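Dear colleague,

I am passing on the structure below, together with some notes on what came out of going through it. Please read the notes with the structure open beside them.

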Amino acid sequence: MPKPYARIADRIAARIATGALPPGTRLPPQRMFAYDQGIAVSTASRVYEELRRRGLVAGEVGRGTFVTNRFSPLDPALLEPAGTGIDLDILFRLGTTAREQIAASTARFLKSGLPQAATAPPSVRGTRAAAEAAARLTSGSGQRVAPENVLFAGSGKEAIAACLSALAPRGGRVAVEALTYPFVIATARLLGIDLVPLPLDGEGILPDALEDQVQSGLAGVYLQPTLQSPLVLTMSPQRRSAIADVLIRHDLPAIEDRVYGFLRPTSPLASHAPDHVIQVDSLSKRLMPGLAVGLIIAPPRYHDALSRSLRAGGWLAPSLAVALAHHWIEEGLVDRVARAKREDAARMYRIARKALTGLDFTGAPDALHGWIALPSGWRGDSFAAACADIGIAVAPGHVFAVAPGTAPSGVRIAFSAPELETWDYALQTLAGIARRGPA
């Protein structure tokens with residue numbers, strides 16, 4: 001029989017589903033809700049937490065708890081892309097020239113006939129030649145990657161899932177940025193891993209905060225040291241060194257998400273603590289998500305656990321995908337497309353700065369996303385709903401928040417409009433909505 005808090009949550013969920021509580025509705029404070037329902041405040045708290053868990057409500061600091069803009073029991077990171085309007089939620093942009101180059105390179109690969117390795121069962125390590133190519137691609141900026149330390153996953157997301165599964169048992173604790181990649185939040189829930197949010201400053205997580213949490217027991221830490229999403233933060237070498245010192249002293253493993261590293265080449269955290277950092281990379285952002293080969297660059301001490309995790313989770317990269325990725329790397333295609341994306345990012349950033357003049361916008365000329373802190377009166381979720389009403393998708397702050405009710409009032413915008421004219425139009429429209437206010 002369902003517990004009392006679950007039955008109450010079911011009743012509220014039904015009202016949301018029927019439209020009796022439309023998106024943007026503010027729920028009463030928990031004490032008032034408890035009084036109205038004739039229940040204990042602790043029970044009211046469990047009702048609200050259950051609604052958050054189902055993805056039906058979201059909270060923002062100092063503003064309260066609101067019904068979200070779409071009825072779904074799924075984590076936002078697990079929803080299918082909308083596929084309509086102007087999508088500034090998902091980070092994906094590929095120009096016509098890049099598409100033509102990819103098509104031509106792929107045609108040459110197929111014309112030469114499928115290599116035997118492309119038809120073999122998937123392997124954690126791929127072929128030696130593919131591992132060497134991946135090692136060359138990810139080396140540089142103070143780091144030389146050894147081919148024997150490269151493992152292949154089906155995508156960057158699958159690489160992250162495999163790393164979390166390998167490091168933390170069910171019920172284990174992993175520290176993360178207080179605002180982090182939504183897929184990490186969703187995957188941790190599915191794997192039964194507890195995420196511990198760490199406060200952020202202008203560079204990223206604070207070393208002292210990580211140190212404090214280590215004392216209470218951690219299985220690892222996940223972080224994005226370069227062009228962190230959603231806030232576009234990048235750690236200085238000094239900060240990376242301080243974080244590495246904590247890892248080494250406590251023998252704590254870290255998962256370094258470096259999928260944006262190709263946009264801003266900097267020495268990775270792994271160069272400061274090579275025996276304690278597992279790096280995750282992929283071809284999705286560098287090239288395209290249509291063939292999303294993930295890369296794990298790990299010290300030997302973690303190879304067995306990662307290999308078991310990749311196989312058990314079914315997160316292996318198809319051999320054909322690895323062979324095609326190898327071909328693209330060898331032809332220089334990956335580097336050419338990545339260079340074009342960096343040039344694109346600079347152009348789109350200039351347009352964004354101009355269109356968003358007067359708003360609190362954070363971005364960088366070498367980033368593919370930006371953050372808008374919304375004017376007073378706006379909530380991230382209601383702003384995203386207002387944008388969705390006119391066919392523009394953005395990501396509200398609450399989808400990045402690890403702890404319910406801690407999201408700042410802001411939205412992330414992905415630099416992913418198909419043409420620069422569309423990008424300019426979308427940003428001018430967003431700016432107009434922000435300046436007018438919720439009314």
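Tyr181 is partly exposed in this predicted model, with a relative accessible area of 22%, which lies above the limit of 20% under which a residue counts as buried. Phe183, in contrast, is buried, with a relative accessible area of 12%. Tyr181 and Phe183 form an aromatic pair, with 5.9 Å from centre to centre and 40 degrees between the planes, and the pair is described as tilted. The count of aromatic pairs comes to five.

Another of these pairs is made by Tyr349 and Phe361, whose ring centres are 6.3 Å apart and whose planes stand at 35 degrees, so this pair is tilted. Tyr349 belongs to helix α12 and Phe361 to strand β12, twelve residues apart, and the pair thus links distant parts of the chain. Both Tyr349 and Phe361 are buried.

A further contact with a ring involves a charge: Arg379 lies over the face of Phe66, at 3.4 Å from the ring centre.

Helix α12 deserves a paragraph of its own. As a reminder on helices in general, an α-helix has 3.6 residues a turn, so residues three or four places apart point the same way.

Turning to the nonpolar cores, the largest has 41 residues, and those with the most contacts inside it are Leu88, Phe383, Val394, Ile413, Trp423 and Leu430. Two or more residues of this core come from each of α12 (333-355), α13 (380-389), β16 (410-414) and α14 (420-436), and it is α14 that gives the most, with seven residues. A second, separate core of 32 residues includes Phe109, Ala130, Leu287 and Ala323.

What is Val394 in contact with, leaving aside its neighbours within four places in sequence? Val394 touches Leu88 and Asp89, then Ala384 and Cys387, then Val411, Arg412 and Ile413, and finally Leu430.

With best regards

Notes. Residues are numbered from 1 along each chain as its sequence is written. This is a predicted model: local features need pLDDT of at least 70, side-chain atom pairs count only at pLDDT 80 or more; totals for chains, interfaces and linings use all residues. Side-chain values use heavy atoms; hydrogens and water are left out. A nonpolar core is a set of buried Ala, Val, Leu, Ile, Met, Phe, Trp, Tyr and Cys residues joined through side-chain atoms within 4.5 Å. Buried means under 20% relative accessible area, exposed over 50%, partly exposed in between (1.4 Å probe, protein chains only). Helices (H or I, at least four residues) and strands (E, at least two) are DSSP runs, numbered from the N terminus. Contact means heavy atoms within 4.5 Å. Rings of Phe, Tyr and Trp (its six-membered ring) pair if their centres lie within 6.5 Å; planes under 30 degrees apart count as stacked, over 60 as edge-to-face and the rest as tilted. A charge sits over a ring if NZ of Lys or CZ of Arg is within 6 Å of the ring centre and within 35 degrees of the ring normal.
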